[in-house]
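This report covers side-chain contacts and backbone features. Please look through the sequence and the structure before reading on.

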Amino acid sequence: MLIPSFVVSHSRVSYEDKHIVSVVNYESSEVSLLPRVEARAPAPSVHVGDRDGDHDQGESSSLQGVVGKNGRDGGDGVLSSSSSHEVSAQYVVRPVSREYKFVTERAIPRLGLLLVGLAGNNGTTVVGSVLANKHNVTWRTKNGVQKPNYYGSLTQASTCHVGRMDGEEVYCPFRSLLPMVNPNDLEISGWDISDANMADAMERARVLDYDLQRQLRPMLENITAMPGIYNPDFIAANQEERANHVIQGTKKQQVEKIREDIRNFKQSRNLDKVIVLWTANTERFSEVSDELHGTKEALLASIERDEAEIAPSTLYAVASILEDTPYINGSPQNTFVPGLIDLAVSRSVLVAGDDFKSGQTKMKSVLVDFLVGAGIKPVSIVSYNHLGNNDGKNLSAPQTFRSKEISKSSVVDDMVASNEILYQKGESPDHCIVIKYIPYVGDSKRAMDEYTSEIFMGGTNTIVMHNTCEDSLLASPLILDLVLIAELCTRIQIQEVGKDPCERPLHPVCTLLSYLSKAPLVPRGVPVVNALAKQRAMLENFFRACIGLSPEHNMMLEFK
């Protein structure tokens, strides 16, 4: 059963004129190592301490998983609840409860989106699809009349479980959890190094069906991207023929021009907020150094000196942050050098990335998580791709391919690290990634994967997968999700009750967008999560907390 909207009725949730306010208990656990103790556990309950480590004699928890190390416990490392023995060391897992307050602004702003790479495959697909949905443009194919939709969008086409009614499971649209911008209301513009108008660029991309292109052409043919930053040292040489629409001058002048464009766009469209998103060519990795990139001061000084090793994507990001405008990186290059993160944090401006997780890598983050979680050991992962769009053409250069290879390779790391029963420290599967440029297939990317795993009693299991990915039709809904969720995150404040003096904005490095990214950007010291189910659960449960709902844990105790 699907309900279009709802309100939460609870004493700890209030719907004020301007805000939704909720207070929730966040339950987690902490692990500690206690050296040489006499472990005596006559009963199955273990006293637990509060988060400061003091024992509360009035509170206990039935911990079945208090783990011993090097103990004389029969060799299995688990402390018995009915025996007494001396151990040399002992792990203790303690449940911890913290109280958090969430404050979410209810007013939905007029939002603008500036795409770097507006005249590319993704840019034209995003703009064309939003117009088709907004104006309800239908079109004919050999399969009949097609209607516009937002399939593939987490916010627009997925649901969340909210409870049960009369024995039936009840769901709501993801977008109805919190007040969110409607993608049809987005104002979209951007930059490109090509001067093609949007109608011609859409035709060049060969993504949308012909009859849809024909009807969209009058809406697009008078739209041209603003000139973009072009540095041939950072992308493939084969992109030079498209670079006829570029910003001249030094890097400092280019940054100032981008800042001016952001201000003019916001003012001319009467917008409350703007978000900048990179969906242009993959760049090679920058050669990062402390002198050039190590701090915000070093980075800004490098731009002033017109240093060569400052990438165009980093220039766009600097300009955005200086305009207090969130910036999202949809490609795999290392845009977010340390000085850029330093700048974003100092100005409390949201940044997120890296690289859209849309096809082959999304499947990998599901399958490897399943295999490792099932106690099966992937030992070889071989991933082959060929595609014929401009992304594939640019990736045919070794230096830009390397950026993509890095972002694709890291996707299994946290899953492997989660199971030291299967993998020793430092051990990982053989993992090879190949990308080839085949012009004929255009945007219809082919991805072929082979997963070989060790199974029971020395056996092996091989899974082979063929995935035809309509590249831009998969990436474009993710672009919309990234923008809509990023904007929503700028309206949420959080407070750990008893620790934080007041509500504060979320950390500028927005980990909540990890679900949509191949190589999630996280603050220093924060674990990287790549497993798709965990990423989605994090995002959904965070939004549930904002309206006072508990995490969706699927225990279903009422039926046990």
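Is glutamate 558 buried or exposed? At 54% relative accessibility, glutamate 558 counts as exposed, where buried means under 20% relative accessible area, exposed over 50% and partly exposed in between (1.4 Å probe, protein chains only).

## Basis

This is a predicted model, in which local features need pLDDT of at least 70 and side-chain atom pairs count only at pLDDT 80 or more, while totals for chains, interfaces and linings use all residues. Residues are numbered from 1 along each chain as its sequence is written, and side-chain values use heavy atoms, with hydrogens and water left out.

## Salt bridges

The structure holds 34 salt bridges, a salt bridge being a side-chain nitrogen of Lys or Arg within 4 Å of a carboxyl oxygen of Asp or Glu. One of them joins glutamate 558 to arginine 164, with 2.5 Å between the closest N and O atoms. The partners are 394 residues apart and link distant parts of the chain: glutamate 558 is in the segment after α15 (532-546), and arginine 164 is in strand β10 (residues 159-165). Helices (H or I, at least four residues) and strands (E, at least two) are DSSP runs, numbered from the N terminus. Arginine 164 is partly exposed at 32% relative accessibility.

Aspartate 211 and arginine 214 also form a salt bridge, their closest N and O atoms being 2.5 Å apart. These two residues are separated by about one helical turn because they are three residues apart in helix α4 (residues 210-220). Aspartate 211 is buried, at 14% relative accessibility, whereas arginine 214 is partly exposed, with a relative accessible area of 45%. A network of salt bridges links Lys252, Glu256, Arg259, Arg263, Glu304 and Glu323.

## Arginine 284

Arginine 284 forms a salt bridge with aspartate 233, in which the closest N and O atoms are 2.6 Å apart. Arginine 284 lies in the loop between β14 (273-278) and α6 (290-293), and aspartate 233 in the loop between β13 (226-227) and α5 (251-268), so the pair ties together parts that are 51 residues apart in sequence. The relative accessible area of arginine 284 is 12%, so this residue is buried; aspartate 233 is partly exposed at 43%.

Arginine 284 also lies over the face of phenylalanine 234, at 4.1 Å from the ring centre. A charge counts as over a ring if NZ of Lys or CZ of Arg is within 6 Å of the ring centre and within 35 degrees of the ring normal.

## Aromatic pairs

There are seven aromatic pairs in the structure. Rings of Phe, Tyr and Trp (its six-membered ring) pair if their centres lie within 6.5 Å; planes under 30 degrees apart count as stacked, over 60 as edge-to-face and the rest as tilted. The rings of tyrosine 26 and tyrosine 100 have centres 6.0 Å apart and planes at 75°, so this pair is edge-to-face. Tyrosine 26 in strand β2 (residues 19-40) and tyrosine 100 in strand β6 (residues 84-105) are 74 residues apart, and the pair links distant parts of the chain.

Tyrosine 26 is partly exposed at 45%, while tyrosine 100 is buried at 15% relative accessibility. Ring pairs also link Phe102, Phe174, Phe542 and Phe543 into a cluster.

## Backbone

The peptide bond from glycine 353 to aspartate 354 is cis, with omega near -5°. Aspartate 354 sits in the loop between β16 (351-352) and α10 (360-373).

Aspartate 306 is not a glycine, yet has a positive phi of about 60°; this residue is in the loop between α7 (296-304) and α8 (312-322). Methionine 556, also not a glycine, has a positive phi of about 50° and is found in the segment after α15.
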